Amino acid sequence: MTLPDIAIFVDCADFSSIRKALALPWTGGFTTNPSLVSQAGVADYTAYARKVLALVPSLPVSFEVLSNTVDGMEREARVIHAWGGNVYVKIPVIDPAGNSMGGLIKKLSREGIPLNVTCVFTPEQAKIAADALDATSPAYVSVFAGRIADVGIDPLPIVEECRDILKRLPKAELIWASTREVYNIWQAADAGCDIITAPLAMVAKLRDAGKDLTELSRDAVNVFMKDIAQAGVTFGSY
Ligand code: G3P
């Protein structure tokens, strides 16, 4: 099956996933976030990032700032930027108190620092990014489509509106982030996203893309039978 025209990034932080992702033909880059970095047991962010970048020297890799203050984020953004030419600095569109990070995004983007404006959930937040990003500086804008869907809201119209808002920025690429199922890759491409970032397990599932549905049906029945046989479940006495 032909895959849609969209770059696929793997959203992960642990080295085992990074190595496995590099072996997949679809991996076009990596994103991380502070939760994934914590779950990977990282203690020294700089040492960790150096190891990641030794494994991934040229594909784009996004590392997020960890501070919750504007000054701290700015300081960390400069450190992260110095880690490598393929690094995008993830800046949340708002701070934990809900204040816009537009000012900081503007300052860093004007300096040509590649940014990944993250945690975008609304078109208003995409507008903060669009107004702040420099037209000549590379940038990603990550819309958390899956978390929007998690609360029962259709992410598609939101993603499409964000796409329209970002249209005037030639170097800004829209990321469908927070991916929940393989079919999101097709939805993201149809919505005009440039990139989708998904967990390793989901990207690996692309091996089955376009698999015959009757074959899938037989697989399902066979797995059910195998599982029950292995568990030794019987009807007992009835
Ligand atoms: O790239 C965004 C992502 O890291 C968040 O994903 O699955 O935690 O909603 P998730």
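In the predicted model, an oxygen atom of the ligand lies 2.6 Å from an N or O atom in the side chain of Asp 11. For Asn 33, a side-chain N or O atom is likewise 2.6 Å from a ligand oxygen. Arg 147 places a polar side-chain atom 2.6 Å from an oxygen atom of the ligand. A polar contact is a pair of N or O atoms within 3.5 Å. The protein covers 84% of the 310 Å² of accessible area that the ligand has on its own (Shrake-Rupley method, 1.4 Å probe).

The residues around the ligand (a heavy atom within 4 Å) are Asp 11, Asn 33, Phe 144, Arg 147, Ala 177, Ser 178, Arg 180 and Thr 197. By class, this shell has 2 nonpolar, 3 polar and 3 charged residues.

Helix α5 (residues 102-110) packs with helix α6 (residues 123-132) at an angle of about 35°. Their axes are 8 Å apart. Helices are DSSP runs (H or I) of at least four residues; axes are lines fitted to C-alpha atoms over the stretch in contact, and angles run from 0 to 180 degrees between N-to-C directions. From α5, Gly 102, Ile 105, Lys 106 and Ser 109 make the contact (heavy atoms within 4.5 Å) with Ile 128, Asp 131 and Ala 132 of α6.

Residues are numbered from 1 along each chain as its sequence is written, and side-chain values use heavy atoms, without hydrogens and water. In this predicted model, local features need pLDDT of at least 70, side-chain atom pairs count only at pLDDT 80 or more, and totals for chains, interfaces and linings use all residues.

How values were computed. Helix = DSSP H or I, 4+ residues; strand = E, 2+ residues; numbered from the N terminus. Polar contact = N/O pair within 3.5 Å; in protein donor to acceptor, adjacent residues only side chain to side chain. Nonpolar A, V, L, I, M, F, W, Y, C, P; charged D, E, K, R; others polar.
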